[in-house]
Amino acid sequence: ILSKINGFDGNFRSGTHYLLDNMSYDEMMLLLTSKPDPITITFPEGLSYSQVKERMKKAGMRFDEDILDEMMKRPNLFIDYDFMQEIPFYPERDWMMQGYLWPDTYQFDVNESEENILRKFFDNTERKLRNGNYYERAEIIGMTLDQAITLASLVQKEGPMSEMPKIGRVFINRLRQEMPLQSCATINYLREADGLEPVLWVRNSDLERYQDNPYNTYGIAALPPGPINSPGTVALEGVLWPATERSWAGANSYLYFVAKGDGYNDFSKTYEEHQEKTAKYSGAQQTN
């Protein structure tokens, strides 16, 4: 009755509101018709789905992790998004929609439903993919969008933004020659899933530990079953618009790169040259 008399009816806002014991009815209704304070979270490029969940939990969001996990395995629940229709089903794929939680800053209610959480990500993803003409470009270069995002998730972890078009070119060169990608990023993805620290250079023990894992790109001459993280715009464009002969002399001949230890990579055309550089940089690291 008071709500009708005082003009609050029809203005109540959904979300989580915090009331105090000593509030009057008018004070409570005023609060309930105000926009709830959201939780603002920034998700940088290169986060896996598990890392996205951890950020949300640390920020104070309350959601059912089991329900969210189950939804992340079922693209058919979100088939109204165009990109969902391009995600292939591979039984060995970790989290079917991993890679599609677009890196950005989001606002959530503290008790946001599991479906709404994912839809906020997917709304942004759909918009960014459409605005960037990424569907059309992937078709032009002979890739599906999912393949491009999968490869971009590796590029995201392999070097700085300035080198991403070169890294994208090297990976595409290797795929065209049916060579294993041999990406340290996929090994580190597996290590982190096991609670281990990432490494700069892959060890033989890692290759043995994950020799039968489909995400081990040292053991397969193909892409892993799906993205290992959510790549950013620069990484995705580094795959869709990789370095060319015009911007990088000899671009189509580069097949290798090795981390220098300073955040950058050294690129090579031959295996022998690559071996020399690997020994050089790994030796310098051990000396330091």
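Helices here are DSSP runs of H or I with at least four residues, numbered from the N terminus. With that in mind, and remembering that this is a predicted model, select Asp146, which is found in helix α7.

Is Asp146 buried or exposed? Asp146 is buried, because its relative accessible area is 3%, and buried means under 20%. Now show its surroundings: apart from neighbours within four places in sequence, Asp146 is in contact with Glu86, Ile87, Pro88, Arg93, Tyr100 and Pro227. With Tyr100 there is also a polar contact of 2.6 Å between the two side chains. If you then select Met97, which lies 49 residues from Asp146 along the chain, you will find 10.0 Å between their C-alpha atoms.

Next, select the whole of α7 (residues 145-158) together with helix α9 (residues 184-193), which pack at an angle of about 90° with their axes 8 Å apart. At that angle, α7 is therefore roughly perpendicular to α9. On the α7 side the contact is made by Leu154, Lys157 and Glu158, and on the α9 side by Cys184, Ala185 and Thr186; these residues divide into 3 nonpolar, 1 polar and 2 charged.

Finally, move to helix α8 (residues 164-176), whose 13 residues should span 18 Å at 1.5 Å a residue, which agrees with the 18 Å between its end C-alpha atoms. Its buried residues, including Met164, Ile167, Val170 and Phe171, pack against α7, α11 (233-240), β3 (256-259) and β4 (265-268). After α8 comes Glu178, where you can check a positive phi near 55°.

Methods:
Residues are numbered from 1 along each chain as its sequence is written. This is a predicted model: local features need pLDDT of at least 70, side-chain atom pairs count only at pLDDT 80 or more; totals for chains, interfaces and linings use all residues. Side-chain values use heavy atoms; hydrogens and water are left out. Axes are lines fitted to C-alpha atoms, for helices over the stretch in contact, and angles run from 0 to 180 degrees between N-to-C directions. Helices (H or I, at least four residues) and strands (E, at least two) are DSSP runs, numbered from the N terminus. Angles under 35 degrees count as roughly parallel, over 145 as roughly antiparallel, 65 to 115 as roughly perpendicular and the rest as oblique. Contact means heavy atoms within 4.5 Å. Ala, Val, Leu, Ile, Met, Phe, Trp, Tyr, Cys and Pro count as nonpolar, Asp, Glu, Lys and Arg as charged, and the others, Gly among them, as polar. The expected span of a helix is 1.5 Å times one less than its number of residues. Buried means under 20% relative accessible area, exposed over 50%, partly exposed in between (1.4 Å probe, protein chains only). A polar contact is a pair of N or O atoms within 3.5 Å; within protein, one must be able to donate a hydrogen and the other to accept it, and residues adjacent in sequence count only if both atoms are side-chain atoms.
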